[in-house]
Amino acid sequence: MTATGTVDTHCPYCALQCGMGLRPTAGGTVEVVERDFPVNKGALCGKGRTAPEVLAEGVRLTGPLVRSGATGELEPASWGEALDRVAEGLVRVRAGHGADAVGVFGGGGLTNEKAYALGKFARVVLKTSQIDYNGRFCMSSAAAAHQRAFGLDRGLPFPVADIARTGCVILVGSNLADTMPPALRYLTELRANGGKLIVVDPRRTRTAAQADLHLQPRPGTDLALALGLLHLVVAEGLVDEAFVAERTNGWPGARAAAMAHWPELVERITGVPVPALREAARLFCGTPEGMVLTARGPEQQAKGTDTVGAWINLCLATGRAGRPRSGYGCLTGQGNGQGGREHGQKADQLPGYRKLDDPAARAHVAGVWGVDPDDLPGPGRSAYELLDALGRDVKGLLLMGSNPVVSAPRAAHITERIESLDFLAVCDVVLSETAALADVVLPVTQWAEETGTVTNLEGRVLLRRKAIDPPEGVRSDLYVLNGLAARLGWDKGFPTDAEEVFDELRRASAGGPADYSGITYRRIAEEEGVFWPCPDDSHPGTPRLFLDRFATPDGRARFVPVMHRPSAEEPDAEYPLYLTTGRVLAQYQSGAQTRRVAELNAAAPGPFVQLHPQLADRLGVADGEPVAVTSRRGRAVAPARVSREIRPDTVFMPFHWPGEGRANTLTNPALDPTSRMPEFKVCAVRVERAPA
């Protein structure tokens, strides 16, 4: 605690992980105060500022709930009874159907310690391969493209402050003004410093309105757009031939693929005029330094890995990678979306970003865990495939910090799969729509009530600190795993102290791509976070990656030839429009927490359908009137929001709400073949007037 009585910590929401102070109040909760931290420089959005309201009595869960056999309702229970019920449910499923009939589903909001312990619990105690997490729905395509090109995945290979100091930024499929408001300052500073901003988005968002150039492609055509820009770079002699020769491999194949996407063809595919394409190429190559930053727009596609790869190829061809103030970066979404995919809750990974099918990785981690490497299960299903298998191959599920009833694609189907489970246990702060279906609900601590680390979008490992005690009936996720492990025969190996877990994580990550072995709680506090990799106590951390070499065996970045292909589902006579989805300023992810905050609900009270005036006129729909949006997977109804900020062939829905306005009822679960990312960002729909 500081001299002013505040506890330095970080916001519980997005991957920016803004620094904030928490001051305990007489009422047993906390108030948020400004903290000068490098990432946000004191600024906070409304979500971070109002975060303590989720901890209020009557909002959050305060005791375990178990489903009564007599009434079928969730009823209060003791912690002993609740943990016994969970252990019995998992044992019953495993005994009847085998270890892989038990699934584990984690979340990108879990701390590093929780994510690590959850992955260890699944593989060591449950011995199941069936573990994945909701971060698969966030940045997995960018992660796969990062690995393919650079040999290493970290959201940003440079500090976020570098964005303001480069020459030109191409921002693809991101609305920072709504999703990471404090980060918008870096784009404002970029332009104030004379830099240029190009925004690629089917909607003219508040972020796009600040751009020097806004490219407004059809949903699902970002891959063609990137290839078209690379074609122009080649045709106009703008390739950095020396960089390509000295620091990359694979250029001839990537060049040939780009030359098959000439500007007029790209205009026909994307709807972006040729003069705008030429202007974008001119701006990006008009300065010695530049960056491409992507978010969910290009990534949440069934070709997301190739789409991100095409933007990386543009960076490599122009020498805008592995150099100061240049490079490709992914704007990671969830609070610990970066750390959450590094330490073992992903289907194919072990701690330290090791691969589960690598014998050396298995041997190292098994040694830390004190088990035989041969006893560790192999890779399991990806997130959507795991959810789709519920009730069939996977009969029981332990779920932590996720709400797939609202957040999963084809959500009505996934809800049915969850309801078909033999057993479901959910750990959450609130009674989410998914928790309401559980056999056992375990109330767990929220950020102000616990200590633990997270890793933000820069790869900066940060320390959240406990400011207040939780209510009497609330425990940490580490307590849950400790109690379950003990009931399942593992009295050791699952401590409840976060720093003790982190010290084990450090040993497990040592020598891996995401090496945390030189990072300690003390260093994080003293140095305002430590950038991984950090392989020993004397290492300063790595704010900027790839300046000397890329993380490939030969140190060279790899071009990957990619070709445009249509989305998994294109508009047709029956479903003639594109649907794209996203977030709004005052809500976050599935809304399980933010929908419980009065101020945020007043600003964003419910779902809507954004559509162009031309489409509204054809339908005879006025602003605010209900419209029905129908895809091959279902129907959603919400008020019309008529706006010239969207393409006439496209409608937009935010995905924060359940019920009849649930956007993910409509979305397409078609998967990227590499990342297994579902195609949230584009599907075919029809729109009609709905009865008032």
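Some ground rules come before the structure. Residues are numbered from 1 along each chain as its sequence is written, and side-chain values use heavy atoms, with hydrogens and water left out. Because the model is predicted, local features need pLDDT of at least 70 and side-chain atom pairs count only at pLDDT 80 or more, while totals for chains, interfaces and linings use all residues.

Strands here are DSSP runs of E with at least two residues, helices are runs of H or I with at least four, and both are numbered from the N terminus. Two strands pair if DSSP finds at least two bridges between them. E1 and E2 (residues 19-24) are joined by four bridges. Asp-8, for example, has Gly-21 in E2 as its bridge partner.

Next, a loop residue. Ala-77 sits between strand E5 (74-76) and helix H2 (79-97). Is Ala-77 buried or exposed? At 15% relative accessibility, Ala-77 is buried; buried means under 20% relative accessible area, exposed over 50%, and partly exposed in between, with a 1.4 Å probe and protein chains only. Leaving aside residues up to four places away in sequence, Ala-77 touches Pro-64 and Val-66, where contact means heavy atoms within 4.5 Å. Val-66 is 11 residues from Ala-77 in sequence, and their C-alpha atoms are 6.3 Å apart.

Five strands form an open parallel sheet in the order E10-E9-E8-E12-E13. Its edge strands are E10 (213-215) and E13 (327-330), and the twist averages 15° from one strand to the next. E8 and E12 (residues 291-294) pair over four bridges, and Ile-170 has Val-292 in E12 as its bridge partner. Helix H6 packs on this sheet, touching E8 and E9, and its direction makes about 135° with that of E9.

H6 covers residues 184-192, and its buried residues are Leu-184, Tyr-186, Leu-187 and Leu-190. Seen down the axis, they fall within an arc of 160°, so they line one face of the helix; the arc is that of the directions from the helix axis to the C-beta atoms. Among the elements covering them are E8 (168-172), helix H5 (176-179) and E9 (196-200). Just after H6, Gly-194 has a positive phi of about 95°.

Last, salt bridges. How many are found in the whole structure? The search gives 42, counting a side-chain nitrogen of Lys or Arg within 4 Å of a carboxyl oxygen of Asp or Glu. One of them joins Asp-162 and Arg-544, with the closest N and O atoms 2.9 Å apart. These two residues are 382 residues apart and link distant parts of the chain. Asp-162 is buried, at 2% relative accessibility, whereas Arg-544 is partly exposed, at 35%. Another salt bridge joins Glu-236 and Arg-278, at 3.2 Å from N to O. Finally, Glu-569, Asp-572, Arg-632 and Arg-633 are linked in a network of salt bridges.

Terms used: Axes are lines fitted to C-alpha atoms, for helices over the stretch in contact, and angles run from 0 to 180 degrees between N-to-C directions.
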